[in-house]
Amino acid sequence: MSNKKFYVTTPIYYPSDNLHIGHTYCTVAVDCVKRFKTMQGYDVFFTTGTDEHGQKIEDKAKEFGMEPKAYVDGIVKNIKKLWEIMDIDYDYFVRSTDEDHEKDVQEIFQKLYDKGDIYKGEYKGYYCKPCESFWTEAQLGEGHTCPDCGRSTELTNEESYFFRLSKYKDRLLKYYEDHPEFIEPAFRKNEMVKNFFEGESGLEDLSVSRSTFDWGVKVPFDPKHVVYVWIDALTCYLTAIGYGTDKEKFNDYWPADVHFVGKEIIRFHVIIWPAILMALDLPLPDKVFGHGWILFDNDKMSKSKGNVIYPEPIIKLYGVDALKYFLLREFSFGSDGSFNIEKFMQRLNSDLANDLGNLLSRTVSMIGKYNDGIIKDMGVREEVDDDLENLAVSVVDNVEKAMEHYEFSVALEAIWKLIRRTNKYVDETEPWKLAKDEDKKDRLNTVLYNLAESLRIVSVLIYPFIKETSLKIREQLGLDSKVSWEDSRVFGLLPDDTKVRKGEVIFPRLDIEAEIERFNEENTALLESRIMKEKKEEKEDIKEEVTIDDFDKLDIRVAEVLDVEDHPKADKLFVLKLKVGDMERQVVSGIKDHYKKEDLIGKKVLMIVNLKPIKLRGVESKGMILAAEDDEKNLSLASTLADLKSGAKIS
């Protein structure tokens with residue numbers, strides 16, 4: 001076991017829904033860091049997990065007629081399955097509902113209370129339920145909207161316990177000054193100071209309990225209160241490495257070397273978290289890195305907008321490494337980036353298929369064709385060989401330098417510089433011409449050796465980023481799966497007489513236009529299935545009771561189907577034109593597997609006409625037609641027993 005410890009964490013994800021590609025981004029980055037630091041000789045501990053308490057989870061579970069724990073159990077199962085599919089090598093998955101964790105939270109809350117850093121008071125201010133965040137009026141956006149997510153906030157007035165955050169203002173500012181590396185990227189520090197330390201109110205004390213809902217860790221000395229979700233969630237970083245249960249392990253790994261978090265929650269990690277640690281007399285993490293968001297065509301992903309990109313369809317169609325490479329290569333980790341499926345295909349074709357895949361295929365094929373698959377360095381060198389070798393052994397330093405600041409795209413660009421240079425070496429040395437001259441057999445062998453050796457070094461350097469591809473390269477080169485980071489510093493380690501093993505093309509070139517259509521169908525099908533699942537009851541129990549006033553909010557009417565068209569971008573969707581009295585409405589519906597166009601035209605159906613319009617795959621849908629579906633997936637549109645005129649109201 002190495003004496004060099006390294007503790008790295010993802011955010012403690014909020015499991016109110018299945019994870020999309022934005023959540024995947026951070027986990028892929030942390031997994032890459034773990035593999036990289038492990039190859040450097042560190043004993044790395046990687047924590048991820050879920051933050052499962054809070055009003056938002058409680059309300060979401062009620063929508064499905066479920067207990068909160070049962071609801072999050074299903075989401076957590078999906079998250080763990082996704083991390084397994086993606087070969088995410090975490091060491092501990094902490095859940096804020098774990099018994100040990102809840103005990104730790106209560107112990108910490110009690111310590112802070114006994115120390116006088118928590119006191120009882122009354123909170124009056126604005127609360128954002130989706131973000132679980134309290135805001136002063138000065139911090140709110142226009143119309144009292146949350147400055148983080150833009151949603152409406154609620155004016156709250158309730159008894160609460162407060163943490164004396166203001167007490168740590170000067171210590172925090174001094175810590176930032178003395179440890180400029182604590183917050184990265186560096187510009188995030190200025191954002192924090194400007195938004196939360198300066199101004200009339202400055203750094204205010206923090207409400208750390210709620211009494212208006214029950215789903216949370218009970219305050220040990222006042223059980224009508226539950227602990228504020230952010231103290232609960234942040235403590236997960238301690239629980240995962242044995243705080244309160246394994247002192248030796250905790251002392252080995254704490255403080256964390258780096259917390260990776262999304263920019264929207266960095267303030268909790270660089271203001272609230274270090275203040276709590278100061279109050280507990282615990283050392284602070286070395287670094288908090290606030291990465292940017294992955295947007296979809298420059299818009300924030302949202303299921304209601306129909307623009308969520310899930311990782312599963314990409315993995316199914318193109319493999320885990322294609323997704324990992326794109327996420328780490330395309331975006332500058334500290335800034336926002338926009339996911340575009342065409343950009344993904346182009347990157348896959350240019351970097352993975354053309355540059356890397358083609359280089360491996362050409363090299364192994366030529367060794368097989370010209371030398372019976374045997375790699376042999378005959379030492380017939382020319383100046384062009386020195387140029388390739390000098391570049392190959394210099395790349396590792398550039399990769400290490402970039403990774404010290406988590407510049408994943410810069411590190412990968414350094415590796416791809418070597419890959420492109422090796423492709424150029426093929427064109428410069430022209431092995432196919434050397435093969436025609438028996439007197440140049442030794443020179444040919446040297447050239448082929450250099451190509452294979454360059455690929456060996458590439459296989460080491462890409463291992464932390466795209467492990468599966470690294471191992472496929474090594475297998476085709478006739479090497480074992482043992483990958484040593486230090487082996488990338490030396491050119492010439494590939495043993496003579498190694499026999500290559502020609503395999504499948506590791507990244508086939510894509511027909512971009514056809515693949516975009518194929519991907520859109522897969523992603524839309526998954527999105528629709530998850531939307532439909534949310535609309536259905538998660539168990540057979542009757543949903544929560546509603547009043548007649550609740551029902552009166554729905555405007556349900558008889559509608560006549562005038563026309564039906566195929567959705568231009570989705571194979572399973574129809575676009576229906578409906579007559580509702582004197583109105584005409586367009587509705588997008590996923591009933592194509594159950595009805596033919598000609599069977600629908602002229603039919604009378606029931607429709608909710610006052611549903612907020614949404615776009616499904618780029619086509620606006622103004623309303624929803626009602627249908628019933630049984631356990632065997634048989635579906636029937638809802639109508640009336642008598643033939644009523646379109647526009648008739650349901651009451």
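The C-alpha centres of domain 1 and domain 2 lie 42 Å apart. The contact between them, where contact means heavy atoms within 4.5 Å, takes 15 residues from domain 1 and 14 residues from domain 2. The protein chain is divided into domain 1 (5–117 + 164–291), domain 2 (353–499) and domain 3 (548–649), with bounds that come from an automatic or database domain assignment. The model is predicted: local features need pLDDT of at least 70, side-chain atom pairs count only at pLDDT 80 or more, and totals for chains, interfaces and linings use all residues. Residues are numbered from 1 along each chain as its sequence is written, and side-chain values use heavy atoms, with hydrogens and water left out.

Six strands form an open sheet with parallel pairing, in the order E3-E2-E1-E11-E12-E7. Strand E3 (92–95) and strand E7 (183–184) stand at the edges with a single partner strand each, so one side of each is left without a neighbour in the sheet. Strands (E, at least two residues) and helices (H or I, at least four) are DSSP runs, numbered from the N terminus, and two strands pair if DSSP finds at least two bridges between them. Strand E2 (residues 43–50) is joined to E3 by four bridges, and the two run parallel. In this pair, Thr48 stands opposite Phe93 of E3. Helix H1 (residues 21–39) packs on the sheet, touching strand E1 (5–13), E2, strand E11 (258–262) and strand E12 (288–291). The direction of H1 makes about 170° with that of E1; axes are lines fitted to C-alpha atoms, for helices over the stretch in contact, and angles run from 0 to 180 degrees between N-to-C directions.

Two cis peptide bonds are described here. The bond from Glu184 to Pro185 is cis, with omega near -10°, and Pro185 is found in the loop between E7 and helix H6 (187–196). The bond from Trp254 to Pro255 is also cis, with omega near 10°; Pro255 is placed in the loop between helix H9 (247–253) and E11.

Antiparallel pairing occurs for strand E17 (residues 556–566), which pairs with strand E20 (residues 604–608) over five bridges and with strand E18 (residues 574–580) over six bridges. Ala559 stands opposite Val605 in E20, and the bridge partner of Glu560 in E18 is Lys579.

Thr429 lies in helix H15 (residues 408–429). Thr429 is buried, with a relative accessible area of 10%; buried means under 20% relative accessible area, exposed over 50%, and partly exposed in between (1.4 Å probe, protein chains only). Not counting residues up to four places away in sequence, Thr429 touches Val384, Leu434, Arg443 and Val447. A polar atom of the Thr429 side chain lies 2.8 Å from the backbone oxygen of Tyr425. Glu430, in the loop between H15 and helix H16 (431–434), has a positive phi near 50° although not a glycine, and is partly exposed, with a relative accessible area of 28%.

In helix H18 (residues 467–476), the buried residues are Thr469, Ser470, Ile473, Arg474 and Gln476. These residues cover an arc of only 165° around the axis, which puts them on the same side of H18; the arc is that of the directions from the helix axis to the C-beta atoms. Their cover includes helix H12 (320–330), helix H13 (341–371) and helix H17 (441–461). Just after H18, Gly478 takes a positive phi of about 80°.

Conventions:
A polar contact is a pair of N or O atoms within 3.5 Å; within protein, one must be able to donate a hydrogen and the other to accept it, and residues adjacent in sequence count only if both atoms are side-chain atoms.
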